[in-house]
Amino acid sequence: MELLQNKLKTTSRVYSVALLIFALYYVYAASSSINALVWLFSDPANALMRLGLPIAGIENPPLGWWKWLFFIQLLSLAVYAATQFAGFSAFRGIANTGEPFSPPIVRKLKIMVWLMVANIPLHAVCGYMAASVSPTLMGNSRITAISATASGVMDVLTFFALVSIFQYGARLQQLSDETL
């Protein structure tokens, strides 16, 4: 039993470190969106050229589209980072206590899933807008956005099922502790 618990703690530590790395990556990516927004608001004439975005021809959408696109992208990346931090916190708790079926872990996993739910519409809108402002740059992103959204919904449903299992396990653990 102790060997299994040590393996659980080790695996949880590895997962928590991986999720922390992903969270930091999303924070870094969000900083790029902040940088793009600063350029778009402070120097709109040169911002698109600085960002390497199309500035002439049929792909020249209004500057407001780019501002909204980077703003929604920033929100999406912030939610991604928060999701990864919630997962980090859950696995860190498992690594420290060795008890995956406890109410604090279930609460952290629920927060993670609800953050995933919040990101589905942001991700879909961001992908659709990116395809709208620059079809050549993004390819056929409208179909990709729909596909990614459907995939995100399936991921969320899977995680809701896993959270339900963890919640049931926490309840069984509590009943087991009360009978001892």
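**View 1. Helices 3, 4 and 6 around the second largest pocket.** In this predicted model, helix 3 (63-97), helix 4 (103-133) and helix 6 (141-179) each contribute at least two residues to the lining of the second largest pocket. Helix 6 provides the largest share, seven residues. The pocket has a volume of about 290 Å³.

**View 2. Residues lining the second largest pocket.** The lining comprises 17 residues. Those nearest the pocket centre are Tyr-80, Met-116, Asn-119, Gly-152 and Asp-155. Sorted by class, nine of the lining residues are nonpolar, seven are polar and one is charged.

**View 3. The largest nonpolar core.** This core contains 17 residues, and Trp-66, Leu-69, Phe-70, Ile-72 and Leu-77 have the most contacts inside it. Helix 1, helix 3 and helix 4 are the elements that give two or more residues to the core. Helix 3 gives the most, with eight residues. Another core, of 11 residues, lies apart from the largest one and includes Ala-90, Ile-94, Leu-109 and Met-116.

**View 4. Surroundings of Ile-72.** Neighbours within four places in sequence are left aside here. Beyond them, Ile-72 is in contact with Leu-122, Val-125, Cys-126 and Met-129.

**View 5. Helix 1 and its buried residues.** Helix 1 runs over residues 2-42 and has 41 residues. From first to last C-alpha the helix reaches 59 Å, close to the 60 Å expected at 1.5 Å a residue. Buried positions in helix 1 include Ser-12, Ser-16, Leu-19, Ala-23, Tyr-26, Ala-30, Ser-33, Leu-37 and Leu-40. An α-helix has 3.6 residues a turn, so residues three or four places apart point the same way. Ala-29 and Ala-36 are also buried.

How values were computed: Residues numbered from 1 in each chain as written. Predicted model: local features only at pLDDT ≥ 70, side-chain atom pairs only at ≥ 80, totals over all residues. Heavy atoms only, no water. Helix = DSSP H or I, 4+ residues; strand = E, 2+ residues; numbered from the N terminus. Expected span 1.5 Å × (residues − 1). Buried < 20%, exposed > 50% of the residue type's maximum accessible area, 1.4 Å probe, protein only. 1 Å grid on protein atoms, 1.4 Å probe; cavity = no way out; pocket = protein on both sides within 12 Å on 5 of 7 lines; lining within 4 Å. Points joined across faces, edges and corners; volume = space filled by probe spheres on them. Nonpolar A, V, L, I, M, F, W, Y, C, P; charged D, E, K, R; others polar. Core = buried A, V, L, I, M, F, W, Y, C linked by side-chain atoms within 4.5 Å. Contact = heavy atoms within 4.5 Å.
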